[in-house]
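Dear colleague,

Please find the structure below, handed over for your records. My notes on it follow directly after.

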Amino acid sequence: MKPVLVFLSLTGLFCGTQAVIRFTIAEELPTSTLVGNIADKSGLKTNYTTEEFNSIRYKFLDQSIMQTRFTINDVSGNLSTSVVLDRESICGYKEVCILAFDVAAYSNMITLFEILSVEVELTDENDNIPTFPESNVTFHMLESSVIGSTISLDYATDLDSTRLNSIKSYEIVPADFGVFGLNVTTKPDGGFQLRLVLLQYLDRETTNHYQFYVIAKDGGVKQNIGTMTVNIEVTDYNDHSPEFVQPLYNVTVAEGVAIHTSILKLSATDEDIGDNARISYGFSARQSDLDIITSLFEIEPDTGVLKVIGDLVYETGKVHKFYVEASDHGEQPRVTQTTVYITILDIGNNPPTVSINFLSSGNAGLVNVSESANLKTVIAHVNVIDTDSGSNGRVDCTISGHDFELSTVGDKGYIVRVNRTLDRETREVQNISIVCRDHGSPVLSSSLNFLVRILDENDNAPVFNQDTYFAFVEENSKIGAMIKQVGATDIDVGRNAVVYYYLTDDAQGRFAINSNSGVITTYTQFDREQRNHYEFTVLAVDSGNPPMTGSATVVLTVTDINDNYPTFDGASFQFFVQENLAVDAYVGTLSANDDDEGVNQEVIFSISPSYANQVPFYVMPDGAIKTNIRLDRETESFYSFEVEVTDKGSPPLSTATNVVIHVTDDNDQAPVIQFPNKGNNSVSVSFLVPVGTTITKVLAYDLDEEGPNSRLTYSIRSGNHRDIFAIGQTSGNIYLKRAYSLESDETFLLEISVKDNAPHPKETVHQLEIILKYSNESTSSLVTTTGNTNVIISIVVIAFTFVISAAIITTICILRRHDKKLEMKHSEKMFDKPEVTADNKTKTCDLTYNVKDVLDTPKKKKKEVSFSLDEAYGSMQHDYTGTTELNIADPLEDGMYPNQSNKQIQNLHLHKLHLQAHDKHDQKNIMAQPLFDNLSDTSGETANSDSGRGGSDVDLSCQMSMQDELKTFTFNYFNKKPKSSTPSTLSNVSQPSVHNKNRSHRGSDSSGHYGQKHYNGSVDVFHTGSDFPKDKTDSRVKNSVENFTKDNPKKSSHRSKSEKWFPSYV
């Protein structure tokens, strides 16, 4: 009872919750393999100090079989195996194998006792090979069996206990055997039922034995294979008749021969076997003298020996003829006949008697001789007895064939010896005949027949069916895939012919071979792109002593599968193609490659489906890119799309990349001349203008690509025979080249040519009519008009002069001088270099020009704006350059002229109100003035008469009085930012005629305004500040705006609030 009490007291110390400690270990690991640490898994370490935890000891709680399988280190708690664990013997065929036991954890230091439940899961390893009950089985099948006949086979067993590692399939090897097939049926319990099925008719006489293999494969990662050799012995069917060795027999027998003397041995053969080949001999029943024959002779049914049973009497010319039958013992016997002739000799001599005694193993009529027997080896002794005397008793014997010889041994007869080397493989059984003849007259003879069987020796090496085997395997095939079955034969027999197969070291562990069947399988996976050819040696070794070996070479070719994507030769492709080429024009060729071979390597190219109908190109299968429409660079100069390359494998693999095509220019656009044109092709100018004055400007542009195809050159083709005018080659400005005297108006019709600079330039020609005016009608008109306007202003001024006339005159003179200085100073700040200055503020102006300074020289400018300013103080002409971005402020805004007096500002307002009132009155008669015609007032007219509205700006500028100058205000374009000292620079902008005064400012509405146009890389800006009625907009202005919008979409789509268009008021 004490142990019980102690146990109870210990269990009273138990604390904590009992948890299961689980470990997993594979079977078949060596002894002392660590399973795990119970101490670490128990969780006790978290509840105690290190010293207390280290004081805990561990041991099996009960004595069980687990102690024979595991050991526990009582200090560390390490659980280790004590034996090699075999899962199959422990758990049988359970899917999960759990070994459970309890471990006691106890400590005297802390009075601890806990029971720890431990479970060890034993996992299965594929360590068992499928095994058939018999590795070699033999079955018999009648050669007359019908196709579809079956033979049941025993299935294999696999001791591995899990479904994964158990048997998964059966196969017959070789797979193309053809004579028999394998029918595999799965049974409800997971087992298999195997049946051999006959697939073709059998012929025992052609092939009486079949050998093949049935293999069982398990499902392990490293697959194990079990093999069973199947032998099929074809059972004979009686389909052959016996055949006599000779078609007829002739025998001569002396009269008086003794009864039962053998005079002839009949022999027949049958290709069948067994009873079908067992032959019986007898007389044919269908012969007339059968009774006489049977009274003199008899035939032993089994041996065919013909014996004398009656008294033979010589009869002159008498020959006994009879028929002998050979019949087999089949269920339906087959019979063959031969003819025997017996001749009786008249003699009193007796034939010799012959007998034989074999010296080696054998039986009656048969002796065994090894094929390795030495020459002269004695195999038998022949005894000859002849009772006659003299010549009748002297006997000589001969032996048939050449392999054996007879040698005399004195008067004791003969011995039979080996005469030459024997070869069982050439001839296994020989029928030897010994004939002994005496020297009597007639000669009497006796014969003796026996069989010699040659026994086998291992003197032949196995020979493969082929010296070289060619095999093929797909790359990436699973390990264990069958490559080839090799076969070797050994013409020896018995154990000497049993062959086993092996691989040499040149297989390098890549292949495996079944030593019994010769089936070669893969032992690794192959990648054709790395290596596609292997060559190794297979050996066939027989079981003789000593064994002999044959060899053959296996050449393996790894065939391709489509496992590589085609790749383009570049990350992307870029091509250039000229515009206007015909449809199907060649652009370029894509190129790609594929590491596969054959069909898998062949690729075709195409446009990605998402771009198929989006771009004007198509891709040929060979990668050639062609156009499907005529390209227009001016419409689209750049295309980007995606193409694909696809191989022809199954399934096909494809890769995509990007293609960029640039459309190059073809100079297919001729220059377009905007001015002069059919509706506006004339300008007029006073013949008194200084040499170098810009008369007008030819406006043209070219839609071709920026470069030579759109860079324009201007020239005068005809009409300038007097060399009066010159044109800027790059700017198109037409200048007065030299002074020309005339007494009346004279018209010059110039033919203006504009060409681009392409290798094959395109040219456009328009006519321009320049009228040099002699009269001053335009000036008079202008003076009259200006005078009418100034009357109103003068009335206002006179009203003020009555009050402070002197002060006003003095103030105006001072302010005028001050304004002139400010404006000149401001102009110097605005413009880089003024070309012309005025000497005095008087009515007379000194305008001297150097034509060389005025005419253009070819110089490329980038996005420039050109204009000219004809000031009211004189015909001062300036060339300026600048950008197109203009911030134009209202000239009447406060702060625009801080230095001007309030009275001057009031005068400006009054002048503006007067102009607006006049504009309202004449609004219906407003007509759009010709663009850039700043020196003429007759452009666009159909009559040859002048307009009558006065002279040009140049004329007027030289005739205006000081008072008129004070009343003339020219508002230029300034930057809206008042503090900025750098205004927008301008070049070659012509001021409108003074007769444009009726064109009033319309606020922010831009309809009808003269716009901007991009010509040859430059922008010429002309601001007239006049609005056209929306229903009567000048088409030339509209085209200019539209073309500028086309070339400058960002700047023309809308106008910012800070950019305003204002006119010049005169």
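In these notes, a residue is called buried under 20% relative accessible area, exposed over 50% and partly exposed in between (1.4 Å probe, protein chains only). By that rule Ser 64 is partly exposed, because its relative accessibility is 28%. The model is a predicted one, in which local features need pLDDT of at least 70 and side-chain atom pairs count only at pLDDT 80 or more, while totals for chains, interfaces and linings use all residues. Residues are numbered from 1 along each chain as its sequence is written, and side-chain values use heavy atoms, with hydrogens and water left out.

Overall picture

The protein has 13 helices and 61 strands; these are DSSP runs numbered from the N terminus (helices H or I, at least four residues; strands E, at least two). Of its 1066 residues, 45% count as buried. With contact taken as heavy atoms within 4.5 Å, 70% of the contacts between residues at least 6 apart in sequence join residues at least 24 apart. The protein exposes about 55,100 Å², and carbon and sulfur atoms supply 50% of that area. Accessible areas come from the Shrake-Rupley method with a 1.4 Å probe, and for residues only the protein chains shown count as cover.

Asp 236

Asp 236 is located in the loop between strand 14 (225–235) and strand 15 (243–244), and is buried because its relative accessibility is 8%. Its side chain forms a polar contact of 2.8 Å with the side chain of Asn 276, and reaches the backbone nitrogen of Ile 273 at 3.3 Å. A polar contact is a pair of N or O atoms within 3.5 Å; within protein, one must be able to donate a hydrogen and the other to accept it, and residues adjacent in sequence count only if both atoms are side-chain atoms. Beyond neighbours within four places in sequence, the residues in contact with Asp 236 include Leu 142, Arg 204 and Asp 272.

Aromatic rings

Rings of Phe, Tyr and Trp (its six-membered ring) pair if their centres lie within 6.5 Å; planes under 30 degrees apart count as stacked, over 60 as edge-to-face and the rest as tilted. The count comes to 27 aromatic pairs. Phe 526 and Tyr 534 are edge-to-face, because their planes stand at 65° with ring centres 5.0 Å apart. Phe 526 is buried at 3% relative accessible area, and Tyr 534 is buried at 7%. Elsewhere, Phe 177, Phe 180, Tyr 210 and Phe 212 form one aromatic cluster.

Backbone features

Two cis peptide bonds may interest you. One joins Val 173 and Pro 174, with omega about 0°, and Pro 174 sits in the loop between strand 10 (167–173) and strand 11 (180–186). Another joins Ser 650 and Pro 651, with omega about -5°; Pro 651 belongs to the loop between strand 49 (638–647) and strand 50 (654–664).

Lys 376, although not a glycine, has a positive phi of about 75°. This residue is in the loop between strand 26 (366–370) and strand 27 (378–385) and is partly exposed, with a relative accessible area of 43%. Asn 580 also is a residue other than glycine with a positive phi, near 70°. Its relative accessible area of 25% makes Asn 580 partly exposed.

Yours sincerely
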